[in-house]
Amino acid sequence: MWKKNNIFLIVGLLLLSGSIINNPISVAAKYNTIQKQEDRKKNQNKDKDRNQNRNKDNNGNRDKGKTKDKNQEKNKNESKNEGQYEKIDKKSQISVKEFHKKIIKLGFSDDGFYFEKGKLMGVISIDRDGMRFVIHNNSSKFNKVIKKCFQMVLPKSATKLYKMVVDPSKMQDKTLFMDSREVILIKYPENIEIDIYGIGGSLWR
């Protein structure tokens with residue numbers, strides 16, 4: 001019985017192996033079919049990734065376009081604003097000599113220092129291009145002096161600038177255009193600096 005079963009098993013294996021050997025094309029065909037299916041899936045995934053990247057690129061280009069348009073509009077507005085300050089209003093100008101006389105009447109020394117009860121409050125320096133105002137300390141009296149100094153060189157924007165610098169803790173570095181002048185604000189740990197220059201001409205008459 002055992003030998004008979006073994007014989008059937010051996011015969012079956014031989015027949016199976018024979019079918020594989022005698023019909024290798026069917027096996028290769030099955031392999032090719034499977035391989036083609038895998039290749040098709042890979043290509044589909046590649047196409048999907050390519051489309052996603054294309055969409056990202058298109059979105060990015062659209063975003064860049066919007067940013068570019070915004071920047072162009074911003075630059076246009078800035079140029080327009082700067083264009084308003086190209087001419088200095090002669091009537092609002094003051095001579096260096098006049099300015100020097102007036103700040104002395106306000107309490108500054110001849111060389112531009114302002115003291116209050118022995119404490120240095122601020123310093124003004126003048127040259128042919130403009131003026132530099134350094135504020136070291138504040139007081140109600142000195143704050144009025146600051147505002148009057150601004151009114152002499154920025155008759156229209158003095159109050160606006162004064163509000164920006166009267167509280168040093170809130171002031172930030174920035175460049176402004178006021179009354180045909182360029183105003184540069186710089187904040188230091190111990191003081192603040194205000195530089196005022198003429199645009200398209202001298203600050204002084």
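Through how many residues does a hairpin join S5 to S6? Before following the chain there, note that this is a predicted model, in which local features need pLDDT of at least 70 and side-chain atom pairs count only at pLDDT 80 or more, while totals for chains, interfaces and linings use all residues. Residues are numbered from 1 along each chain as its sequence is written, and side-chain values use heavy atoms, with hydrogens and water left out.

The names of helices (H or I, at least four residues) and strands (E, at least two) refer to DSSP runs numbered from the N terminus, and two strands pair if DSSP finds at least two bridges between them. Strand S4, residues 174–178, pairs with strand S5, residues 181–187, in the antiparallel sense over five bridges, and Met178 stands opposite Arg181 in S5. These two strands form a hairpin with two residues between them, and Asp179 in the turn has a positive phi of about 50°. The hairpin from S5 to S6 runs through four residues; here S5 pairs with strand S6, residues 192–198, in the antiparallel sense over seven bridges, and Leu185 has Ile194 in S6 as its bridge partner.

Another place to look is Ser139, in the loop between strand S3 (130–135) and helix H4 (140–153). Ser139 has a relative accessible area of 16%, so it is buried, a term that means under 20%, with exposed meaning over 50% and partly exposed in between (1.4 Å probe, protein chains only). Leaving aside neighbours within four places in sequence, Ser139 is in contact (heavy atoms within 4.5 Å) with Glu116 and Met121.
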